[in-house]
Amino acid sequence: MILLPPDNFLALPEQWSGLERSRVVVLPVPYEHTTSYGKGTASGPEAILEASGQVELYDEESDAEFYTLTGGIATLKAMDPGGNDAVAVESIRKHVQGLIGEDKTVVCIGGEHTISIGAARAHSERYPDLSVLQLDAHSDLREEYEGNRYSHACVMARVYEFNRNIVQAGIRSQCREEADFIRQKKINTFYAFDLKGARYGADRYAWHDAVIGPLRENVYLTIDCDFFDPGLMPAVGTPEPGGFGWQETVSFLRRLSECRRIVGFDITELSPIPGLIHPQFVMAKLIYKLIGYIFSRG
Ligand SMILES: [Mn+2]
């Protein structure tokens with residue numbers, strides 16, 4: 001049921017990766033059914049887990065070994081949702097719901113972005129006041145895409161059906177239908193051109209508080225790898241220029257975790273490029289940083 005070192009997240013020794021003591025559970029979900037452009041997200045979780053063995057366990061910014069703050073981090077064996085679209089979403093929801101019920105902080109690793117529907121739903125049921133924060137190049141608000149309502153391009157349209165408190169940041173690619181939806185429903189969408197422009201002041205981190213402002217106390221965070229600039233994160237199916245860098249992102253996540261309670265999160269859409277190792281390492285380190293920030297809050 002759980003992965004043992006060296007195959008688990010961070011290659012943590014067994015005393016720091018058992019299911020019972022660990023307050024954090026990493027759930028790999030190598031689901032891929034609707035990706036539209038570049039493919040390969042099904043091998044994302046394995047690549048991230050493999051790269052995570054190279055992440056330094058000591059964090060110089062916090063002067064701490066984060067995994068000790070959580071009683072350890074357990075990694076489950078990759079989940080097979082046993083079907084596609086609505087079937088997959090429902091089985092992911094159920095699986096995550098069970099883990100939340102055991103008081104675990106759940107970190108899902110995709111796979112394509114569709115997996116976030118099930119994970120966000122499980123968290124929304126557990127925390128009725130929950131906001132869902134999406135970091136992504138795409139607003140994913142299409143009603144359907146290529147005839148499929150469960151396409152990775154429709155993720156937030158599905159989430160919106162059960163949780164109206166969605167906030168999206170980093171957006172720099174969408175169709176008119178999505179722009180109209182955002183205006184009509186008054187969605188809190190923060191576009192990349194605004195966050196990187198002068199709108200929120202000259203301080204390069206001034207946008208952090210603007211994005212955090214509309215969020216409720218409990219936050220579920222969903223990160224599409226293409227939020228990052230393709231220079232840093234080329235291993236995505238739908239790359240978009242003008243994305244975010246490492247330092248501005250982790251400092252945002254640190255501020256977010258200080259101001260709000262991140263109750264769970266997912267990382268999706270990593271599509272490894274053979275011979276290129278840094279994309280999966282970046283995501284592995286991001287996951288570890290986020291876990292550390294969340295549990296440093298106490
Ligand atoms: Mn995206």
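Asp103 sits in the loop between H2 and S5, where helices (H or I, at least four residues) and strands (E, at least two) are DSSP runs numbered from the N terminus. Residue numbers start from 1 along each chain, in the order its sequence is written. The model is a predicted one, so to speak of local features takes a pLDDT of at least 70 and side-chain atom pairs count only at pLDDT 80 or more, while totals for chains, interfaces and linings use all residues. The phi angle of Asp103 is near 65°, a positive value in a residue other than glycine. Asp103 counts as exposed because it has 7 C-beta neighbours inside 10 Å. For these labels, a residue is buried if 20 or more other C-beta atoms lie within 10 Å of its own, exposed if 12 or fewer, and partly exposed in between, with the C-beta atoms placed from the backbone.

Glu269 also turns up with a positive phi, near 75°, and is again a residue other than glycine. Its place is in the loop between strand S10 (261-268) and H9. Is Glu269 buried or exposed? Glu269 counts as buried, because 32 C-beta neighbours lie inside 10 Å.

Two peptide bonds come out as cis. One runs from Pro5 to Pro6, with omega near 10°, and Pro6 belongs to the segment before strand S1 (24-29). Another runs from Gly110 to Gly111, with omega near 15°, and Gly111 is in the loop between strand S5 (105-110) and H3.

Next, the whole chain. Taken along the principal axes, the C-alpha atoms fill a box of roughly 50 × 45 × 45 Å. Of the 298 residues in the protein chain, 51% are buried. Among contacts with a separation of 6 or more, 74% join residues 24 or more positions apart; two residues are in contact if their C-beta atoms, placed from the backbone, lie within 7 Å.

Now for the helix pairs. Helix H2 (residues 86-101) and helix H3 (residues 115-126) have axes that come within 7 Å and cross at roughly 40°. That makes H2 oblique to H3, since angles under 35 degrees count as roughly parallel, over 145 as roughly antiparallel, 65 to 115 as roughly perpendicular and the rest as oblique. The axes themselves are lines fitted to C-alpha atoms, for helices over the stretch in contact, and the angles run from 0 to 180 degrees between N-to-C directions. The crossing of H2 and H3 is right-handed, and a crossing gets that name if the near helix is turned clockwise from the far one by less than a right angle, or left-handed if anticlockwise. On the H2 side, the residues that meet H3 include Val89, Ile92, Val96 and Ile100, and their partners in H3 include Ile115, Ile117, Ala119 and Ala122. The residues of this contact of H2 with H3 split into 8 nonpolar, 3 polar and 5 charged. Here Ala, Val, Leu, Ile, Met, Phe, Trp, Tyr, Cys and Pro count as nonpolar, Asp, Glu, Lys and Arg as charged, and the others, Gly among them, as polar.

How do H8 and H9 pack, and at what angle? Helix H8 (residues 246-259) and H9 pack at about 25°, with axes 8 Å apart. That makes H8 roughly parallel to H9, and their crossing is right-handed. Val250, Leu253, Arg254 and Ser257 of H8 make the contact with Lys289, Leu290, Tyr293 and Ile294 of H9. The residues of this contact of H8 with H9 divide into 5 nonpolar, 1 polar and 2 charged.

One of these residues, Leu253, is found in helix H8. Leu253 is buried because 21 other C-beta atoms lie within 10 Å. Leaving aside neighbours within four places in sequence, Leu253 is in contact with Lys289, Leu290 and Tyr293. Leu253 and Gly53 are 200 residues apart along the chain, and 22 Å separates their C-alpha atoms.

Finally, Ser296 lies in helix H9 (residues 278-296). Ser296 is partly exposed, because it has 16 other C-beta atoms within 10 Å. Not counting residues up to four places away in sequence, Ser296 touches Ser62 and Leu69.
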